[in-house]
Amino acid sequence: YRSQGRHEDCYRVAQQSVEDAQRLAGPASAALLQRSLVRRGTSATDLRRYDEAERDLLEAVAMARRAQGEMHPETLKAQQALGWHYVSRGEPERGLAILEPVGERVREVFGDNSQELARNWYNRGNAYSVLDGRWESALEAYREAARIYRQAASRSIAIGALYNVASLLQQHGRCAEALPVYAEVEQIWRETRDLRHQMFRRVYIDLIDCALETGDVQLARERFTEL
């Protein structure tokens, strides 16, 4: 549901998961409840129900720490979700205060080329990108996220980070560097996604603007015919 943008449905399922876990007995119930709280908190963040989301995620972090310790994968995942939550609600510095130190623990536990580490870099990129004077930090974070996503999963998962790299370069007058990144985004999109999707049109519009900025009128014309 979440991958389809169906956030209300996602929240409904997460809510049912929490309720089911609360009714269970035995040693597995607490672990299930902790993971369910992460899911509900994430869904609530997507719906901008921020106070509710914060309560769930803080409780999930505390439960994981008590039961499993600071370096357990579930503790780290819950902390990652909490850091992402603060970035999403417009508190990037608060999010970075969690994501930066957690990133090193994530690397140690999950590995150098894990999706969990890529997620950490991507969310840090989102935070850096809205802070004054940190756009280059955002650029490097998105590049690292894209690199790891390519190795850990597939190029298609890296498309969001790659698009952000190209956009940042374009915004800061570096279209010559942005164009090959846009070209990679275009190629991935052609291989894996619906060319009629609105996001694809946005990629082409940005690519055309960048081509014109660099004087490549032919490229701009070719892509314009695709709109």
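Biologist: How many helices and how many strands does the secondary structure of the protein have?
Modeller: Helices (H or I, at least four residues) and strands (E, at least two) are DSSP runs, numbered from the N terminus. Along the sequence the pattern reads α-α-α-α-α-α-α-α-α-α-α. The count is eleven helices and zero strands.

Biologist: What average pLDDT does the protein have?
Modeller: This is a predicted model, where local features need pLDDT of at least 70, side-chain atom pairs count only at pLDDT 80 or more, and totals for chains, interfaces and linings use all residues. Residues are numbered from 1 along each chain as its sequence is written, and side-chain values use heavy atoms, with hydrogens and water left out. pLDDT is the predictor's confidence in each residue, from 0 to 100. In the protein 99% of the residues score at least 70, and the average is 93.

Biologist: Which element has the lowest mean pLDDT?
Modeller: At the top end stands helix H4 (residues 73-88), with the highest mean, 98.

Biologist: What share of the residues is buried?
Modeller: Buried means under 20% relative accessible area, exposed over 50%, and partly exposed in between (1.4 Å probe, protein chains only). The protein has 227 residues, and the buried share is 45%.

Biologist: What box do the C-alpha atoms fill, and what share of the contacts joins residues 24 or more positions apart?
Modeller: Taken along the principal axes, the box is roughly 65 × 35 × 30 Å. Contact means heavy atoms within 4.5 Å. Among contacts with a separation of 6 or more, the share from residues 24 or more positions apart is 53%.

Biologist: How much space lies in the largest pocket, and which residues are closest to its centre?
Modeller: A pocket is an open set of points on a 1 Å grid over the protein atoms alone, where a 1.4 Å probe fits, with protein on both sides within 12 Å along at least five of seven lines; lining residues have an atom within 4 Å of a point. Points are joined across faces, edges and corners, and the volume is the space filled by probe spheres set on them. The largest pocket holds about 1600 Å³. Of its 37 lining residues, the closest to the centre are Arg2, Trp84, Arg119, Tyr122 and Tyr149.

Biologist: Which helix gives the most to the lining of the largest pocket?
Modeller: Several helices each supply at least two residues, among them H1 (7-23), H2 (27-46) and H8 (159-171). By class, the lining has 15 nonpolar (Ala, Val, Leu, Ile, Met, Phe, Trp, Tyr, Cys, Pro), nine charged (Asp, Glu, Lys, Arg) and 13 polar residues (the others, Gly among them). With six residues, the top contributor is H6.

Biologist: Is Arg40 buried or exposed, and what does Arg40 touch?
Modeller: Arg40 sits in helix H2. Its relative accessible area is 15%, so Arg40 is buried. Not counting residues up to four places away in sequence, Arg40 touches Tyr11, Ala14, Gln15, Val18 and Asp56.

Biologist: Is Arg48 buried or exposed, and what is its phi?
Modeller: Arg48 lies in the loop between H2 and helix H3 (50-68). Its relative accessible area is 67%, so Arg48 is exposed. Arg48 is not a glycine, yet its phi is positive, at about 65°.

Biologist: Which residues does Glu74 contact?
Modeller: Glu74 belongs to helix H4. Its relative accessibility is 16%, so Glu74 counts as buried. Leaving aside neighbours within four places in sequence, the contacts of Glu74 are Gln34, Arg35, Ala64 and Gln68.

Biologist: How far apart are the C-alpha atoms of Asp20 and Leu33?
Modeller: Asp20 is in helix H1. It is partly exposed, with a relative accessible area of 34%. Asp20 and Leu33 stand 13 residues apart in sequence, and their C-alpha atoms are separated by 8.4 Å.

Biologist: How far apart are the end C-alpha atoms of H9?
Modeller: The expected span of a helix is 1.5 Å times one less than its number of residues. H9 has 18 residues, so it should span 26 Å; the end-to-end value agrees, at 25 Å.

Biologist: Which helices do the buried residues of H9 pack against?
Modeller: The buried residues of H9 include Leu179, Tyr182 and Trp189. They pack against helix H7 (135-152), H8, H10 and helix H11 (217-224).

Biologist: What phi does Gly215 take?
Modeller: H10 has 17 residues and reaches 25 Å, close to the expected 24 Å. Its buried residues include Phe200, Tyr204 and Cys210, and their cover includes H8, H9 and H11. Just after H10, Gly215 takes a positive phi of about 85°.
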